[in-house]
Amino acid sequence: MRWGFIGASNIAERVAASLRKLPGQAFVGVCSRSAERAAQFARDQGFEAGHTELSALLAQGLDAVYISSTNEQHHDQTLAALAAGCHVMCEKPIAMSLADAAGMVEAARRAGKVLATNHHLRAQATHQAMRRMIAEGKIGRVHGVQVSHAVYLPPHLQGWRLSAPEAGGGVVLDILVHDADLLRFLLGREARRITTVTQRNGMAQGGLEDGAMNLIEFDDGILAQTHESFVARDAMTRLHVLGTEGSLYAEGSLSQAGEATLSWRHDGQVEPLPMPKVDLYEVGFDAFVRACAGDGQPLATGVDGERSMAIALAGLASAASGQARLID
């Protein structure tokens, strides 16, 4: 496939390294608002050229694009790429409104192209094992999930995420969307209502939140408690799924590292379950490339991106109103 990257971001560097592991992928061009950054990214990552105009990039006869620009640009850039005949892998959140997300999904359907969301946590071997065990009833009926996705945002990422509400900054649109998608993936159920409390610990500016706690109500009465933070130094991520016949405990699985520990607690014993380390982006983009060739679906579709964003937007509305909000 002939690839174009829209956005010369830090995450795009990681994606390029992973995509390079897949056979048959050609790095054609990258687009950035900064000519200097576009040229540097192209040199460093082995792209043929850097561009500052999206139209120039899309004129290169691309098969697919990866969009990692700031969130408010995702909608228009996706529509332009689809119109140019490209499949699209878009970073989360897929858009800034549900109407825009729905329009992107519909545009992909009309164009006959694959629209995927880069929800990389679905590629984690630990999460895929947990999903299988839940579906097989290994822990009985799931009644609760606890998610601790509290991290320290590294200095090189402390830019627009902390200061630009218009670009979709803040911890809810940055991390809760991932946790919401992971919960849907693990449980195979939809979220119906959310109660969110946000906090401002001094890292984020412009009225943005840098911490949040959420209570999410899923189909069949399952309750999920999640904590997202940008200011938790030296914290380890944790994911606990609680069932009537046992529990699953994962530590470290919510990072980009692709490794974690998983234990299955049942019948009064603790059973460690060895899990392989995987390159999350290699797994995710391999599924996307296959989907573009007509082989299956991407790990997270455009619709999945729309649903995770609906949960996050309802969470922001709940925090603003001080009341639980139904999820559209």
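Hi everyone, let's start with charged pairs: the count for this protein comes to 15 salt bridges, where a salt bridge means a side-chain nitrogen of Lys or Arg within 4 Å of a carboxyl oxygen of Asp or Glu. Side chains of opposite charge can pair when their charged atoms come close.

A quick word on the source. This is a predicted model, in which local features need pLDDT of at least 70 and side-chain atom pairs count only at pLDDT 80 or more, while totals for chains, interfaces and linings use all residues. Residues are numbered from 1 along each chain as its sequence is written, and side-chain values use heavy atoms, with hydrogens and water left out.

Here is one of those pairs. Glu-106 forms a salt bridge with Arg-109, and their closest N and O atoms are 2.5 Å apart. Why are these two separated by about one helical turn? Because they sit 3 residues apart in helix H5. Helices (H or I, at least four residues) and strands (E, at least two) are DSSP runs, numbered from the N terminus.

Now the overall layout. The protein is divided into domain 1 (2–119) and domain 2 (121–298 + 304–326), with bounds from an automatic or database domain assignment. Their centres, taken over C-alpha atoms, are separated by 24 Å. The contact, meaning heavy atoms within 4.5 Å, takes 33 residues from domain 1 and 32 residues from domain 2.

How much area is buried between them? About 2800 Å², with carbon and sulfur atoms giving 68%; this is the accessible area (1.4 Å probe) that the two parts lose on being put together, summed over both.

Across this interface the rule finds 2 salt bridges. Which elements each supply at least two residues of the domain 1 side? They are helix H1 (10–19), strand E4 (64–67), strand E5 (87–90), helix H5 (98–111) and strand E6 (115–117). H1 gives the most, with 6 residues.

Finally, the record. UniProt, in an unreviewed entry, places "domain: Gfo/Idh/MocA-like oxidoreductase N-terminal" at residues 1–119; its positions are given in the numbering used here, feature names are shortened, and annotations may be inferred rather than shown by experiment. Over residues 1–119 the chain is 42% helix and 21% strand, and the end C-alpha atoms are 21 Å apart. The unreviewed entry also lists residues 127–248 for "domain: GFO/IDH/MocA-like oxidoreductase". Over residues 127–248, the chain is 25% helix and 34% strand, with end C-alpha atoms 10 Å apart.
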